[in-house]
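Mentor: Look over the model first. Then ask me whatever you like.

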Amino acid sequence: MRIVDKKISELKVAIIGGGIGGAAAAVALRNEGIHAEVYEQAPVLAEVGAGIGLRSPTVQYFKDWGIYEQVAKKSCQSDYMEILAGNGEVKIKENWPALTDNPKERWARLIHRADLLDTFLSQIPSDSIHLNHRCKSISHHENYVEVHFENGHSIEADLVIGADGIRSLIRSKLISEDKPVYSGFHAYRTIVNKENAFNMASDANILQIYVDGQVQVYLMPLQDRKQVSVDVTAPSSDESWRPKVAKEEILNHLKCFDPKIQRIVENLNIEDFTCRPLYDIKPLERWSFGCVTLLGDAAHAMLHNVGQGANQAIQDGGALAVALRESNTVTEALQKYETRRKPITTKYQQLSRIFPSEEAETAFPEKEHFEKILN
Ligand SMILES: Cc1cc2nc3c(=O)[nH]c(=O)nc-3n(C[C@H](O)[C@H](O)[C@H](O)COP(=O)(O)OP(=O)(O)OC[C@H]3O[C@@H](n4cnc5c(N)ncnc54)[C@H](O)[C@@H]3O)c2cc1C
């Protein structure tokens, strides 16, 4: 499809998946005057309870899209991250790295995932979001793509963006049959009020990672909500997508941790936790096929250890919108998008498989690589 034949504002774009990546892409495209419809399988758009550390290149896009003030109101700035031994001994305290060419941007903004998704959704007209639309098949024609949904509805689009997560149907139908790879770890996540977390991490507004052997505990303060996001990552041989876990199993992993961390878990019910296996995918050779491309976890699912999955999904949307603005054809835009984004996300995928460990010498394994490129 040539954009020169069709004004960019006339392109019909369909985004499959209304998670953080799909919703961010819709906002980015609207900012370029491109209309996009979002098709989501779920009956409501909602995010699980957990925090995200928004990094400076991501926040730069929010400024470009005119939503920075809204995000700033729901998030708080953190200047440091700490890596600690399980017993609380601080091993590393480090400024967040500046991942833009502005060396002053050594911070992250900490936000609840639901607050971030709501901010994106507030920018998208409700009649452009189609819930209960589970994509079941996709057919590629010379100049357009047809998408079929389980509810019987079908659409045609000039560009389809597969933002349908780690188990992407769009990826498996058109791009790669590689399956997600189990890491051998589960993540148990919950949100607690900061007094129920004994003010851990909150007072200094620091993201803390406690590491003991193969077990990690992440404490992320969410100051604006007076809450703390708690994530226990621990080995498990259970690869099922919805594992059944008992609270005692989580507590067993925490025997060598600060007693306050044990008490946070003791005081909760297992129903208060979201228990998920951690999967990633191998870097793909390509993300696009004709007028179809991938974005976010569908393109480059990575382990959560480097805190970059959502950041990279958002930056994909921003980069894709810019590439469309700069190009004469959809094919040219998709080439630019992949060329700019794939080396970055591939590096993060690699780093997320080796970090963190008790031997880590930095809280930010990406720093050396990306700061070197920028300076
Ligand atoms: C414990 C944990 C902590 C994390 N912490 C961080 C962090 O601090 N920082 C960070 O940057 N990232 C973090 N991440 C990673 C981040 O959450 C993900 O990378 C990000 O949410 C991916 O967004 P996405 O939109 O690509 O995919 P998803 O959020 O998976 O969204 C995909 C959407 O597509 C829909 N869908 C799927 N199939 C279909 C279909 N066939 N038809 C229609 N719709 C469909 C789904 O229902 C879903 O709404 C963390 C992840 C975990 C597990």
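Trainee: How far is the polar side-chain atom of Q41 from an oxygen atom of the ligand?

Mentor: The model is predicted, so local features need pLDDT of at least 70, side-chain atom pairs need 80 or more, and totals for chains, interfaces and linings use all residues. Residues count from 1 along each chain, and side-chain values use heavy atoms, without hydrogens or water. R113 puts a polar side-chain atom 2.5 Å from a ligand oxygen. For Q41, the distance to a ligand oxygen is 3.0 Å.

Trainee: How much of the ligand's area does the protein bury?

Mentor: Alone, the ligand exposes 1000 Å² (Shrake-Rupley, 1.4 Å probe). Of that, the protein buries 84%.

Trainee: How many residues surround the ligand?

Mentor: Shell residues have a heavy atom within 4 Å. G21, E40, R113, D297 and A310 are the closest.

Trainee: How far apart are the end C-alpha atoms of helix 10?

Mentor: Helix 10 (a DSSP run of H or I, at least four residues) covers residues 330-352. At 1.5 Å a residue, its 23 residues should span 33 Å. The distance between its end C-alpha atoms agrees with that: 31 Å.

Terms used
A polar contact is a pair of N or O atoms within 3.5 Å; within protein, one must be able to donate a hydrogen and the other to accept it, and residues adjacent in sequence count only if both atoms are side-chain atoms. Helices (H or I, at least four residues) and strands (E, at least two) are DSSP runs, numbered from the N terminus. The expected span of a helix is 1.5 Å times one less than its number of residues.
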